[in-house]
Every structure is written in structure tokens, then in C-alpha cells.
Amino acid sequence: MRRFLLKRLLSAIVTLWLLATIVFLIVNVLPGDVGRQILGPFATQESVAAYNERLGTDRPLWQQYLTSMRRLFTFDFGDSYATSSPVNDIIFPALGRSAKLAVLALIITIPISILAGIIAARRQDKFTDRAIVTAGLATSSIPEFVSAAVLMSIFCVHWKIGKVFANPPEGTSLLGQFPYLIMPALAMAVTYFGYLARMTRAGVITAQNADYARTATMKGLSRRAVMRRHVLRNALAPTITVISVQIGYLMGGIIGVEKVFNYSGLGSTMIMAVGSKDIPVLQGAVLLVGVIYMVSTLLADLLIAYLNPRVRLEGV
Amino acid sequence: MTDLAVPPADSPSATSALEVDNLEVVYRVRGIDRVVLRGVSFTIAPGEAYGLVGESGCGKSTTAYAALRYLPRNGRIIGGRVLVGGLDVTAMSESRLRQFRARDASMVYQDPAQAMNPTIRVGRQLIESFTLLGQSNSQASRSAIEALRKVRIADPERVMDRYPFQLSGGMQQRVVIAMALACDPKLLVLDEPTTGLDATVEAEVLDLVRTLRTESDAAVLLIAHNLGIIRSLCDRVGVMYAGRIVEEGPSAEVFDHPQHPYTVGLLRSLPRRGVRKTEKALDTIPGILPLIGADLPTCVFVDRCALADDTCRTVVPPVVPIGTDGNRYSRCHHVDRLASLAETPGHVAISMLTPDEAHPGVLQLSHVSKTFHQRSTAIPALVDVDLDLAAGETLGIVGESGSGKSTLAKTMLGIESLDMGGRVALDGHQLAASTVDRSADDKRSMQMIFQNPDSALNRSWSVRRILVRSVEKLTGIKGKEANDRVEALAAHLRLTPRHLDLRPRQLSGGLKQRVAIARAFVGDPRIVVCDEPTSALDVSVQAAILNLLADLQVEQQTSYVFISHDMGVVRYLADRIAVMYLGRIQEIGPTDEVFNGPNHPYTEALLSAIPDVDGGVKARIRLDGEIPSPANPPSGCVFHPRCPRAIEGLCETTEPPLQQAGSGHLIRCHIPVEQLVELQRKPSVDA
Amino acid sequence: MEPAAPAPASPPSTTDDGRPAVEVIVAGVQQASERKLARRENWRLIRRRPSFIIGVFIVLVWVVCAVLGSRLAPHDPLDFRAKVHLPPSADFPFGTDKTGRDVLSRVIAGARDVLKIAPAAAFLGGIFGVVLGMLMGYIGKRLDLVLSRIVEAFIALPVLLLALLAIVTLGNSAWVVLGVVAALFTPIVARTVRAAVMAERDLDYVTSAKLRGESSSFIMFREILPNVMGPIIVELTVRIGYAVFTISTLSFLGAGPPPPSPDWGAQVSEGYNSIAAGIWWTTFFPAAAIASLVIAVNLIADSVQSVLEAS
């Protein structure tokens with residue numbers, strides 16, 4: 001187990017380093033003069049050069065790369081180009097707000113999708129199954145901003161439920177924030193329902209077709225007991241993996257939803273950084289999402305190892 | 001077909017443990033119902049063991065599962081009944097069925113590794129079977145330990161605490177058997193319980209089942225494709241073909257005096273009673289196995305039967321009682337004419353080529369070792385192997401899993417590179433370690449025939465493309481000439497031009513293997529390595545492939561390295577046999593000498609483990625423990641921990657020498673040959 | 001009924017009328033035209049699926065819109081001006097937007113860009129992904145170890161984020177969008193192909209090819225590739241759906257092709273702030289257009305996948 005953990009941790013660090021390198025490459029190696037990009041075509045060459053010097057973007061690439069790596073491992077991305085305040089002061093509060101939304105979305109979607117997936121698998125190829133699968137396919141293929149816009153049109157405008165602007169006023173209690181957050185969370189939940197339900201269904205079908213499920217049935221266990229004791233534990237590993245991957249994606253994937261609902265989370269921060277070409281903020285935010293992805297997949301692997309002794313004992 | 005399916009003998013259902021009455025099952029495939037069982041009837045008395053035997057697709061497993069009313073999602077019982085202890089299983093409610101499965105019937109499955117839940121400890125899975133009977137947890141736990149003891153597991157408490165994947169195949173199957181016996185069932189169904197297990201492990205599991213039968217009065221229904229297993233375990237046997245039992249009777253009688261053309265053909269296509277390729281070609285059954293759902297309105301065997309006439313094509317054959325005991329029948333119109341079948345052609349002797357003295361050894365292996373590296377551990381898969389292969393000779397290689405026989409084949413061919421210090425030489429010149437570095441001529445000279453033709457032939461290529469490409473690459477002949485050569489070779493192997501334009505998937509298993517053989521022979525190879533070439537095939541198809549291999553060898557002076565786990569097949573085809581264990585050759589010698597002894601104790605155990613179709617009684621040599629992992633081989637003689645004849649103080653410390661036991665017969669053992677002869681003369685270790 | 005045991009393998013081949021197989025010496029051929037039949041059978045099964053029919057129908061509608069474009073649109077999508085924010089009516093079935101342009105015409109015209117860029121990006125990413133996945137799966141060893149790490153790093157981030165980052169530095173022309181989406185799809189396709197190739201790599205036909213001295217590239221692209229086309233086709237179809245998804249989200253976020261091009265995502269982006277004021281049609285119709293196209297492509301992919309998996 002310790003070996004497994006160590007290996008997994010090491011690979012997460014390597015991946016994170018690669019990720020940072022990719023981000024660095026995209027931002028720096030691809031052609032493009034940062035100062036010119038920010039100051040626009042009408043700025044003088046001198047002011048562009050001065051700006052580049054201030055940002056450090058005129059130094060040799062390897063120096064910039066080292067700086068960027070130091071920033072990754074200290075998790076300090078310097079100051080924002082746009083506001084000059086430290087990047088961390090911008091991205092961490094934004095992350096907190098996004099996390100609230102993401103957690104609410106997961107609380108809504110996980111139980112419903114897993115249940116739907118199990119029901120679909122139990123009624124494989126029947127009407128219920130087809131309906132759940134098709135609905136899942138549809139909801140998971142629509143971009144989040146589209147479902148957000150549609151939900152907003154229907155609920156907030158037509159039925160007057162929920163708020164169009166999701167930012168709760170300062171000092172609102174956690175409970176009081178609920179009406180603000182529920183609509184964007186719902187929009188996200190709808191999107192992830194499809195992935196989770198389909199994955200759960202596939203896992204349950206595989207497990208209930210497995211020989212050990214046959215053995216359990218032949219022992220004389222009831223269908224419910226076979227499902228509960230033998231199928232689910234084996235079936236849920238792929239679902240857990242998907243959830244963990246989605247947690248990372250939720251943080252970044254909600255950009256569209258945040259924009260539609262004017263919510264000032266990590267997504268909006270990134271949009272703003274895009275608009276003002278604020279590369280440090282963007283870099284920090286992107287890497288933060290990467291770290292969250294790493295941590296959540298790591299936790300998922302541990303959970304799977306806990307559920308599956310084979311992984312735990314042999315590290316396969 | 002239903003009206004004629006009369007139950008065989010007088011069978012008072014109240015006293016029989018299992019009565020299957022005119023059972024008809026269909027599978028729905030692509031919207032069409034395909035008939036799998038066409039009115040299967042048989043009964044098993046309490047305490048009796050009944051075997052169902054037949055080739056793939058005959059419906060034997062479907063019958064077994066249908067007996068416990070467990071069918072695939074697309075399967076349906078459309079007629080007939082199944083009575084267990086007088087209760088109609090087909091008519092039970094769901095809850096009654098559960099109770100029936102929990103208390104009255106159990107099953108042992110083909111693949112024990114898959115049959116247990118990988119995420120739950122063995123103990124809990126076993127305890128579950130007992131709590132279902134209403135026992136309390138602590139009671140069930142005690143019963144579970146007791147059950148493990150009953151299946152001869154020495155350390156039940158420790159095993160209870162394991163996960164299934166931490167047990168060896170033999171142990172897993174013991175646990176599954178323990179689970180099945182938990183309720184002391186009236187009916188125990190065993191579906192190919194030892195398929196996939198190694199020979200010595202199989203023998204132990206079969207021994208266990210045999211012993212347990214004496215301790216319980218459960219009726220046993222055994223499904224197996226191996227006739228020897230059925231004979232050694234079952235009182236009566238039903239021979240199935242295309243969803244119907246074509247012959248039934250006491251096992252010994254059926255196997256010694258078959259009374260249905262199919263049974264006759266099936267038994268004749270087996271290499272039995274030590275027959276060799278020099279004595280006769282094997283009989284084959286013409287035609288192919290019918291597909292599931294094939295339309296066979298009258299006799300199911302009519303398309304392949306030499307006796308078939310108009311009656312057979314128009315009238316469903318009746319149940320013809322054989323003898324006067326009322327316990328045997330055959331479903332054939334022409335039981336009286338079976339004697340004429342005995343005269344079927346094909347008893348042509350194949351002359352064996354004596355290895356050419358002038359060219360000793362087409363292929364020579366000296367000090368060949370192969371070590372795999374996994375993480376930081378070295379796994380010696382082959383250790384210091386020396387071999388010689390003469391022109392036109394067949395060297396059989398036998399051994400169980402982990403013995404290194406497949407690694408040996410791959411290393412010869414350069415698919416795996418051998419360790420430094422070893423040497424593989426063809427006609428005296430050293431071959432490069434890896435295929436990539438070998439000359440075109442060397443590649444042409446050594447080819448391979450694989451176990452599974454489905455995997456060996458590219459499924460998106462036509463047969464013609466497969467063969468032409470091989471001709472072009474191996475011989476340098478291109479274009480039309482290559483095509484001509486392929487057509488000539490194909491014709492020689494009885495593949496028609498039509499076959500050439502098909503994809504492998506469209507061919508039957510036997511035809512696919514023919515294509516694979518043709519591919520190996522395109523460049524007139526000197527040596528062909530055959531890795532279990534018939535083990536994926538049905539018996540009746542196997543015979544034709546073995547004949548073909550023997551014929552080709554005679555014509556082309558090809559040498560074979562023939563890897564197999566089937567001793568009968570090896571005995572039929574091989575001139576010499578090498579026995580491998582944990583990467584080492586333990587014994588090598590001419591086939592007759594190896595089969596007659598004296599033997600290495602491992603060979604002795606291996607030979608005694610074969611369940612014999614002819615019912616020969618052998619002293620079983622029991623081996624203790626499991627096959628060790630090649631990663632961690634025992635010290636001294638690698639076989640010593642399991643060897644019943646190990647000499648204390650010597651075998652565990654010193655690697656034994658190879659000693660001469662006859663001309664070209666070598667045994668790697670500390671026990672002197674004379675003593676081995678003495679020990680093996682009498683059945684010393686009792687089964 | 002019982003909780004599913006695995007269905008028996010469908011018989012290797014038989015005709016529906018179950019005629020006995022042609023007899024040869026030892027074994028038989030089972031119907032010469034079987035492969036054609038199987039292929040036709042697959043096609044027939046796909047066509048019979050309602051989800052496939054619906055998917056194809058919707059895609060065709062949008063293809064027609066993309067091809068005919070302004071000829072089909074009742075008004076000019078850019079220059080025509082009516083009153084602003086007219087609700088849907090007989091004259092303007094989808095209403096008008098904040099500058100008085102006809103929403104219907106703009107939705108029709110918006111099909112063109114997305115249908116040009118999305119499939120192109122998916123195919124480009126697909127080709128690179130296949131090559132990369134092949135190398136990783138077949139050559140394996142250290143190359144695979146290194147590339148797998150990189151692929152994993154790419155996959156650790158939502159495609160959208162990286163695309164956004166790249167477009168910020170490179171500018172937002174259609175070519176950049178195409179290239180960026182293709183580049184970001186490459187590792188995803190590669191992962192699928194790698195898994196498929198690894199399942200093939202150890203099959204004996206590959207060993208046999210090595211034994212007759214075939215080169216690695218021959219084995220990869222002539223021997224293995226045809227056998228992994230199934231998953232590749234499915235993956236490509238799914239990728240087209242995702243390309244539509246990604247590109248429209250990018251334009252919604254302002255990183256797509258620059259305005260005033262009538263892009264669906266951009267239209268949603270222009271309109272959504274008016275939803276609160278009850279003006280839903282400027283957002284709803286382009287949003288529905290995106291949704292319908294993405295769902296349609298995924299319905300097709302799903303049908304193809306279930307039929308290929310079943311056979």
C-alpha cells in the first residue's frame with residue numbers, strides 16, 4: 001500500500017510539473033510579444049520594451065522557465081498585470097466561491113446520477129434504461145453555458161425561481177446564499193448527470209454480468225442482496241474515477257455558468273484575465289485547477305484501492 | 001421433434017434427484033430464436049454421478065444451467081420440465097427458486113478465479129452461504145472453517161482471511177466446492193470444474209470430488225469435454241450433439257462399446273491407448289459441428305454420418321434401447337449397422353523418419369536461459385536448457401504453467417532474446433538472439449503455429465492476403481507467382497480457392513488452423529514450432545489437424561517442436577519428449593521410454609494425473625503444495641518441495657545431475673536410475 | 001427473469017434460413033457472402049435505431065443551412081435591420097436582436113462556421129491522435145512512459161482552459177481556433193487509440209508478422225490499424241461533438257471568431273444579459289441550435305458505438 005501511494009504521489013508531481021511546462025510553453029514559446037499584446041498596436045516600441053522589462057518577459061526563456069517553476073513549487077505567481085495585486089489574493093478567494101458552487105452541484109448530481117445509473121442497469125435495454133441513457137447523453141453533450149442560459153430563461157425569468165445574479169450580497173449567511181447558488185449549481189449538475197449516470201450504468205452492467213454475481217445468485221441470494229453485497233462495490237470504481245476527474249473539471253468547466261450568472265468565481269476571474277491578457281492570473285488559475293485535478297484523482301485512486309483489495313495489495 | 005422425445009428408461013420421478021424431461025431451450029440472437037436444446041431428457045438417482053459430454057456448442061452447459069433455471073438474458077425455456085427431488089424448477093416462484101438454490105442445489109464453475117467476488121475475503125463469501133441457511137454469524141463462521149477442512153484445506157483460518165486472487169487456482173476451486181457443499185445439496189452441478197487448471201492440480205481436484213462423493217449422497221451432474229474425466233468420475237454418461245442426447249449409458253460401456261455413430265467417431269478421433277503416428281492416422285468426422293440454431297429436423301448428426309440414408313433424413317430417430325438392463329439407449333436408426341463403421345478408411349500408417357545420422361541436429365540449443373525483469377526482481381523463466389532437434393523429428397515439450405515451455409518456443413524463434421551465454425544454432429550457424437536481426441533465410445527456416453487461430457490470423461485480412469504476404473516476405477517471390485504458390489499450397493492443405501477470399505472469421509476453427517499451418521509452411525521451413533496447436537479445437541477437428549501435421553512432416557522433412565499439455569496428443573505425434581518444470585528440462589527421451597519409465601518423479605506424477613478414457617487404473621502420485629513461482633524457485637532441485645521421493649538433506653541443497661536412463665533418455669534426479677525403476681514398478685504411493 | 005448472464009457469443013456465422021453449411025473435407029465454410037452480410041447487417045442495425053435517424057436528420061438540417069446559408073435565410077444576417085428586440089412572430093419566427101437583426105437568419109448563417117471548423121479540428125486531432133496513440137501502444141516501453149505522462153498532463157486540464165490560454169497568446173482567428181482544438185484533442189484521441197492498440201499488440205498475428213520480418217510501421221498501420229478502426233471511428237464522431245461544444249463555448253467566452261460573425265456562441269453571449277429583462281429569444285434559439293447539433297452528433301456516435309460493440 002505504501003508503495004502504491006508513493007508511486008501515485010510521484011506520478012502526480014511529475015504530471016503537475018509537465019502541466020506547468022505545457023502552460024509555460026503555450027504562454028511563452030508560441031510567437032507573441034506579451035507587452036505588445038497587452039498595450040495594443042498603438043503603443044510605442046519603447047513603452048512596450050519597458051513593459052516587457054517590468055514583466056520580465058524580455059529575459060531569456062530558460063530564465064523565465066526557472067522563474068515559472070519556482071512559482072509553481074512555491075505556489076506564488078507574482079502580481080497580476082492588470083491590478084498589480086498578488087495573484088494568490090485574486091485566485092484563492094475566487095476558488096473558494098467556485099468551490100461552493102461545485103460542492104452544491106455535486107451534492108445534487110451524485111446521488112441522482114448513481115441511482116439513475118443503477119436503475120438503468122437493472123432495466124437494461126428496457127424503456128427506462130433507454131430513457132435514462134438518452135437523457136444522460138443529451139444533457140452531458142450540451143455546453144454548460146447553454147444549459148445555464150436555458151435554465152435561466154425558464155426558471156429565473158419565466159417561473160421567477162432563483163436569482164439571475166448569483167453573487168450573494170456581502171455577509172449573507174450560508175443558508176441565505178442558497179437561492180443565489182441553486183440555479184448555477186443546477187446547470188452544472190445537469191451536465192454532469194449524464195456522465196455519471198452512464199458510467200455507473202456501465203459499471204453495474206459489467207459487475208452484474210460477472211461470474212461472481214452469478215455465483216451469488218446461485219447461492220440463493222435475492223436480487224437486492226446480490227446487488228448490494230456483490231455488484232455495487234465492484235461496479236462503483238469507474239464512477240468514482242469519473243467523479244474525481246469531474247471535480248477538477250468542475251472548477252474550470254464552470255466558466256460558462258459563472259459568466260451567464262455573473263458569478264465571480266474562478267471562471268469569471270479567468271475570463272477577466274483573458275480579456276486583459278493578464279497572464280500571471282491565468283497561469284495561476286490554470287495551475288490551481290491542475291492541482292485540484294491531481295488531488296481529487298489521487299483521492300479517488302486511494303478510495304478505489306480501499307474498495308478493491310487487489311489494487312491495494314498488489315498495486316495493479 | 002418433441003413428440004418422439006420419450007424419456008429413456010422407466011424413471012420414477014419421485015425417487016430421482018434430478019429429472020430433466022424433454023427440455024427445450026432457445027437463445028434469441030439478433031432477433032431470431034436459435035434452438036440450443038432440442039428435447040433433452042435424462043434422470044439422475046440420488047448419489048449417482050451423471051456426466052454430459054460433447055463438443056463445443058452441443059448444449060451441455062446450457063443443460064446444466066437450465067437445471068438450476070439460470071439462463072442468459074436472451075435464453076428461454078420453451079418446453080419441458082426440470083424436476084429436482086420431485087419439485088418442478090421451471091415452475092417455481094422467484095422466492096421458492098431462491099430457497100431451492102440455497103438449500104437443494106449448488107454449482108461449481110469453470111473458472112474459479114472469476115467465480116468469487118474479488119473484493120470480499122474468502123471467509124465472508126463462504127460464511128454467506130451458511131447464513132443463508134439461517135445460521136448465526138458465529139455458527140456460520142465455524143461451519144465455514146469446517147467446510148474448508150472438508151475440502152482438505154490444511155490451514156482454513158488463514159485461507160478465510162485471504163482474498164480470492166491470493167489463492168492458487170486449485171485452492172480457489174476447493175473454496176468454490178466448499179461453498180457449493182455448504183447446504184449439503186441434493187444436486188451438485190459441476191461445469192467443467194477443472195478446465196484451465198494444470199494437470200496435477202486437476203487430478204487433485206478430481207480426487208477431492210471423488211472422495212467427497214463418498215461422504216455425501218448428492219447427485220452429481222458433471223459437464224466436461226474431456227472424456228477421461230467423465231469416465232473416471234461418472235457412473236453414467238450422456239453424449240450430446242447439437243442440443244440432443246444421442247447416446248446414454250454406463251460410462252465404461254459407452255466409452256468401450258459406443259452405440260451411436262457420433263460417439264464412435266468422437267472416440268476414434270482421440271489418440272487413445274498409446275497409439276502413435278507410426279501406427280495409424282487418426283479417424284476424423286467429416287463435416288463441421290452444426291451452428292447454434294441450425295435447422296436439424298430429423299437426426300441431428302445426419303449431415304456428418306457415414307450411415308445416413310433416406311430414413312435418417314426423413315424420420316426422427318427413435319430411442320433404441322441397448323442391451324436388456326434398460327439403462328442404455330442410442331438415438332440412431334442404424335444401431336445394427338454400426339459394425340460397418342469400424343471399417344471406415346484412414347488406417348494408413350505413417351512412416352516415421354529416423355533422424356538423419358549425417359545431419360545430427362538441425363537446431364541446437366546450448367545453455368539457453370531467459371530471465372525476465374519485473375520491477376526489480378529477476379524471474380528466471382528458462383534455466384540452462386540444452387536441446388537438439390534432428391531433421392524430420394518431432395520433439396514434444398510438456399509441462400504445466402510456469403514451466404517455461406512457451407518461453408522456450410519464443411526464445412528459439414527470437415521473439416524473446418535469450419540471456420547472454422546461451423546459443424541457438426540452425427544447421428550449425430549461430431542465430432541472432434532477436435528475430436529482427438536474423439537473415440531472411442533464417443526467418444524462413446523457423447516458423448510457428450499458434451494455439452489460437454483467432455488471434456494468430458489478422459481478422460481484417462483475407463486468407464489470400466495473409467498467405468501471399470507471407471510468401472512475399474519469406475521467399476522473395478512476388479506478384480502472380482506468389483499467388484500461384486499460395487493457391488498450390490492451399491490446395492495441398494485442402495483449402496479451396498473460395499476459402500482464400502474469405503476472412504478468418506468466416507472459417508471454422510479447423511479451417512482457420514489450416515490457414516495458420518499453410519502460412520507457417522509457405523517458405524518450406526526447416527523447423528516449425530507448434531504451441532498447443534489443437535488445444536483450442538474440438539476433438540473431432542483436432543484429429544484432422546494432427547493428421548495434417550504428420551503428413552506435412554513426412555513430405556517435407558520438417559522438424560517440429562510440439563508444445564502441448566495433452567499427453568495423449570504428444571504421445572501420438574512426438575518422437576522425443578522433454579518434460580519441463582520451472583524453466584528446467586527435468587527429463588528428455590524417446591517417447592516410448594518416457595511413457596514406459598523409469599521417470600523423473602515429476603513426470604511420474606504428470607503421467608499418473610491423466611484421466612484415462614479407457615479407464616486404465618493407475619497409481620496416483622500425489623504432489624504436495626502448489627507450483628512455486630518462477631520468480632522464487634526452490635533451492636537445490638526445484639521440484640523437491642513437492643517431490644514424494646525427495647531425499648532429505650540432498651535434494652534441497654544440491655541441484656541434481658542429468659543421468660542416463662537409456663539411449664538418449666536423460667533424467668535430472670538424485671535418485672539412481674535403478675532405484676527409480678524399482679520404485680516405479682509397484683504402485684507405491686497410494687492415491 | 002434472471003439478472004443477466006453473459007449472452008452466448010452469437011454464432012460465428014449462419015444464414016437466417018439456417019441452411020446447412022457447405023461440406024468440405026474436414027471443416028466448412030459458412031456462407032461465402034457472410035462478411036458482406038455482417039457489414040450490411042451492422043448498417044441495417046444502425047439505421048434501425050431511432051436515435052441514429054434523429055441524429056442524422058438534425059445534422060443534415062444544419063448541413064443544408066451551412067451550405068445554402070444566406071440563400072436560405074429570409075434576411076441578411078448582418079446588414080438587415082428591423083426594430084430591436086421584436087419577440088418571435090410570423091415575420092420574424094425567432095424575433096430580432098438588440099440591433100434589430102433577424103435571429104432566425106443569424107442562426108441559419110451561424111451553422112457554416114461551426115460546421116467548417118469543428119469537423120476539421122476533430123479530424124486533424126484524430127489523425128495526430130491515431131499516430132501518437134499507435135506509437136505509444138505499439139512501440140511502448142520508455143517512449144510510452146514519457147508520452148503517457150505528457151498526455152496525462154494535458155488531460156488534467158479541461159480542454160477549454162488550455163484553449164483559452166493558447167488563444168489569448170495567439171489571437172482568435174478561425175485558423176488558430178482550429179489548430180488549438182485539434183492540438184488539444186490529439187492526446188485524448190491518442191489515449192483511446194493506445195488502449196485499443198495495446199489489446200492488439202500481444203495477439204499472435206502481430207508475433208507472426210514479426211516472425212516474417214515486417215517493419216514496425218507496416219505492423220502498426222497495415223496489420224493493427226484496420227482492427228482498431230471501430231473505436232477510432234467512434235472516438236472521431238464523439239470528438240466532432242466536443243469540437244462543436246468547445247468552439248461554441250470559446251465564442252461565448254469571447255475567444256471565438258471575432259464579431260460581427262453570426263456565431264451561435266457569440267449570439268448567446270450578446271443576448272444572455274437581456275434574459276433578466278424577459279428577452280429570451282435572442283439567447284434561446286442560438287443556444288438551442290448548439291444543443292441540437294451537439295446532441296445530434298452524440299446520438300450518431302452512440303448508435304455507431306453500440307452496434308460496433310455488439311458485433
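Start by selecting B:Asp531, which stands opposite B:Ile563 in strand 20 of chain B. Strands here, like helices, are DSSP runs numbered from the N terminus (E, at least two residues, for strands; H or I, at least four, for helices). Before you go on: this is a predicted model, where local features need pLDDT of at least 70, side-chain atom pairs count only at pLDDT 80 or more, and totals for chains, interfaces and linings use all residues. Residues are numbered from 1 along each chain as its sequence is written, with chains lettered from A and ligands numbered from 1 in written order.

Now colour strand 19 (527-531) and strand 20 (559-563) of chain B, which pair in the parallel sense over five bridges; two strands pair if DSSP finds at least two bridges between them.

Zoom out to the sheet. It is open, with eight strands of chain B in the order 18-19-20-15-21-22-24-23 and mixed pairing. At its edges, pairing on one side only, are strand 18 (446-449) and strand 23 (658-662) of chain B. Neighbouring strands are turned by 20 degrees against each other on average, direction ignored.

Next, select helix 24 (601-608) of chain B. Helix 24 lies across strand 15 (394-398), strand 21 (576-581) and strand 22 (584-590) of chain B, and runs at about 105 degrees to strand 21. Axes for such angles are lines fitted to C-alpha atoms, for helices over the stretch in contact, and angles run from 0 to 180 degrees between N-to-C directions.

Hop over to chain A and pick helix 5 (87-122). Its 36 residues reach 50 Å from first C-alpha to last, close to the 52 Å expected at 1.5 Å a residue (1.5 Å times one less than the number of residues). Stop at A:Thr109, where helix 5 bends by about 25 degrees, with a proline, A:Pro111, following within four residues. The bend is the angle between axes fitted to the seven residues ending there and the seven starting there.

On to the interfaces. Contact means that C-beta atoms, placed from the backbone, lie within 7 Å. Show chains A and C: 50 residues from chain A meet 46 residues from chain C. Helix 1 of chain A gives the most to chain A's side, with eight residues. That side divides into 32 nonpolar, 14 polar and four charged residues (nonpolar: Ala, Val, Leu, Ile, Met, Phe, Trp, Tyr, Cys and Pro; charged: Asp, Glu, Lys and Arg; polar: the others, Gly among them).

Last stop: 17 residues of chain A are in contact with 21 residues of chain B. Helix 9 of chain A gives the most to chain A's side here, with six residues.

Definitions and conventions
Contact = placed C-beta atoms within 7 Å.
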